[in-house]
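Take a look at the model below. The paragraphs that follow lead from the contact between the chains to a single helix, and then to confidence.

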Amino acid sequence: MAAAFRLSQEEKEEGGAGMIIKSIWLRNIHKRVGLIIGLQFLVWAISGAAMALLPMDEVAGGEMADQAAPTIPAEEHAWPKVHAALAGQQITKLSLRSLPNRQALQVTTSQGVRPFDATDGQPIVIDGEVAKAIASAAHPTGSAVMQVASLHELTLAVREHELPIWQVDFRDEKNSSYYVSGTIGESLERRNDSWRCWDFFWMLHNMDYAERTSFNHPLIIMVGFAMGWLSITGFWLLFRTMWRHDFAVLRRRWRTPMLP
Amino acid sequence: VAHASPWAAPVSSDPARSFRAANASHISARKTHKWLGLFIGLQVVIWSLSGLYMTVVHIDTIHGDHLIRALPPNTVDAAKLADPLTVLKANNGQSVRLAWVRNRPAYVVKGDAGETVVDARNYRSVPPPAKAEIRSIAKTTYTGSERSSTIGTSRRSTSRRPPASWSLAAMSCGASSTSSGCCTSWTTSGRM
């Protein structure tokens with residue numbers, strides 16, 4: 001590299017034919033900064049292209065099974081039991097939600113969220129079997145379940161959620177894992193190999209190698225500044241570069257094709 | 001001279017031929033770099049500067065979190081509430097949820113005909129908020145001191161979610177619907 005630099009300086013001195021290399025120092029700094037962050041530039045380009053090329057629908061979990069909403073119970077004796085069970089706790093939120101084969105009244109108090117069966121008002125416990133049924137009902141091909149496990153700590157796949165969570169692994173070609181909330185039985189995430197691949201590139205892209213979440217940390221801001229400087233100086237140098245010869249070669253090649 | 005370029009191997013000082021051979025890949029790399037720069041240089045500048053902007057300006061600032069005041073949650077005693085399933089069936093809906101209109105509990109029933117809002121204590125229908133109420137809700141939730149200049153309905157959603165109805169947007173505007181930066185607008189999208 002040093003040799004090349006020396007040579008271009010010599011050339012400049014010998015530029016009798018009107019060849020003057022402009023912005024030598026800028027070229028030199030541009031090259032050195034490029035050497036330092038060039039690898040990250042490559043990583044950004046490759047990971048960005050990979051994320052753009054991976055089909056977004058698949059990354060988001062792919063096709064989902066059509067689930068008919070369970071019928072709304074005809075009798076209305078759930079509500080008195082629900083507010084008896086709440087024992088005077090103040091309600092902040094309430095909604096009716098569909099679970100496979102039944103409707104649930106989901107009530108939020110200062111103590112947390114609790115689902116009750118909308119037919120008989122009994123509290124619903126989301127155990128492994130219920131979680132498995134919820135995940136299976138959402139799976140488009142009804143593939144066999146390999147295993148159901150309760151998470152002890154948040155994994156990368158469910159980093160935006162809170163425990164308790166059930167992980168339901170399917171034996172399908174996408175290696176799907178569905179995650180079901182242990183409190184309300186909501187299907188939280190549907191992860192597959194496309195997502196795992198995408199998330200790996202996302203980690204490379206945002207340079208948050210541990211959490212994969214933040215893209216506002218000092219490291220990426222610093223390298224981002226260097227990259228911005230590099231691209232601006234590079235663009236500037238495009239206009240400080242001799243193109244005459246390159247265009248002449250091109251013109252010659254077009255006139256006499258097939259020559260190397 | 002016509003074949004010499006600033007980046008080509010030296011012609012005059014003629015070091016060993018082997019040096020030139022070793023330099024051949026070096027030269028083609030330089031050429032590739034130069035031509036790539038010509039064709040995608042501008043896009044690389046745009047990518048790197050837009051990326052830099054997204055890293056420097058924190059995502060919470062973009063979301064406008066600092067513009068929303070966190071209000072204490074409304075609460076209600078279950079004994080005071082009507083049976084949500086009764087309300088649901090009376091309004092021929094498919095789903096029901098509790099919301100807060102004018103700080104009072106209300107059931108929002110979603111059905112084929114859209115959303116119906118019913119007082120959660122006495123089954124009475126709740127009229128959609130008027131412009132003045134929207135303004136006061138916005139004022140309590142907005143942390144800034146600037147006055148809102150315009151209130152309007154828009155058919156297009158500024159967030160990339162499907163447009164909500166006027167009443168829904170008005171009730172949920174405490175939780176969403178801010179845009180950051182110099183322009184702060186309260187959006188209530190949908191049919192008026």
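A polar contact is a pair of N or O atoms within 3.5 Å; within protein, one atom must be able to donate a hydrogen and the other to accept it. This is a predicted model. By that rule, 15 residue pairs are in polar contact across the interface of chain A and chain B, with both residues at pLDDT 80 or more.

Which elements of chain A give two or more residues to the side that touches chain B? They are helix H1 (2-13), helix H2 (24-53), helix H4 (78-86), strand S1 (90-99), helix H7 (218-238) and helix H8 (244-255). H7(A) gives the largest share, ten residues. By residue type, this side of chain A divides into 28 nonpolar, 14 polar and ten charged.

Now consider the extent of the interface. Chain A brings 52 residues to the contact, and chain B brings 55. The size of an interface is often given as the accessible area lost when the parts come together. Here the two chains bury about 4300 Å² between them. Carbon and sulfur atoms account for 68% of that area. Three residues stand out: Trp79(A), Asn216(A) and His245(A) supply 13% of the area that chain A buries against chain B.

Charged pairs come next. The rule finds two salt bridges across the interface of chain A and chain B. In a salt bridge, the side chain of Lys34(B) meets that of Asp246(A), at 2.7 Å from N to O.

Strands also join the two chains. S1(A) pairs with strand S1 of chain B, residues 76-77. The sense is antiparallel, and the pairing runs over two bridges. Ile91(A) has Val76(B) in S1(B) as its bridge partner.

Turn to one residue of chain A. Ser194(A) sits in helix H6, residues 193-206. What does Ser194(A) touch, leaving aside residues up to four places away in sequence? The answer is Leu54(A), Glu58(A) and Val59(A). Gly38(A) is 156 residues from Ser194(A) along the chain, and their C-alpha atoms are 28 Å apart.

How far can the coordinates be read? Chain A averages a pLDDT of 86, and 91% of its residues score at least 70. Over residues 1-17 of chain A, the pLDDT is below 50. This stretch still has 24 contacts in the model beyond near neighbours in sequence. Where pLDDT is low, the predicted coordinates should not be read in detail.

Terms used: Residues are numbered from 1 along each chain as its sequence is written. Chains are lettered from A and ligands numbered from 1 in the order in which they are written. Side-chain values use heavy atoms; hydrogens and water are left out. Contact means heavy atoms within 4.5 Å. Buried area is the accessible area (1.4 Å probe) that two parts lose on being put together, summed over both. A salt bridge is a side-chain nitrogen of Lys or Arg within 4 Å of a carboxyl oxygen of Asp or Glu. A polar contact is a pair of N or O atoms within 3.5 Å; within protein, one must be able to donate a hydrogen and the other to accept it, and residues adjacent in sequence count only if both atoms are side-chain atoms. Helices (H or I, at least four residues) and strands (E, at least two) are DSSP runs, numbered from the N terminus. Ala, Val, Leu, Ile, Met, Phe, Trp, Tyr, Cys and Pro count as nonpolar, Asp, Glu, Lys and Arg as charged, and the others, Gly among them, as polar. Two strands pair if DSSP finds at least two bridges between them. pLDDT is the predictor's confidence in each residue, from 0 to 100.
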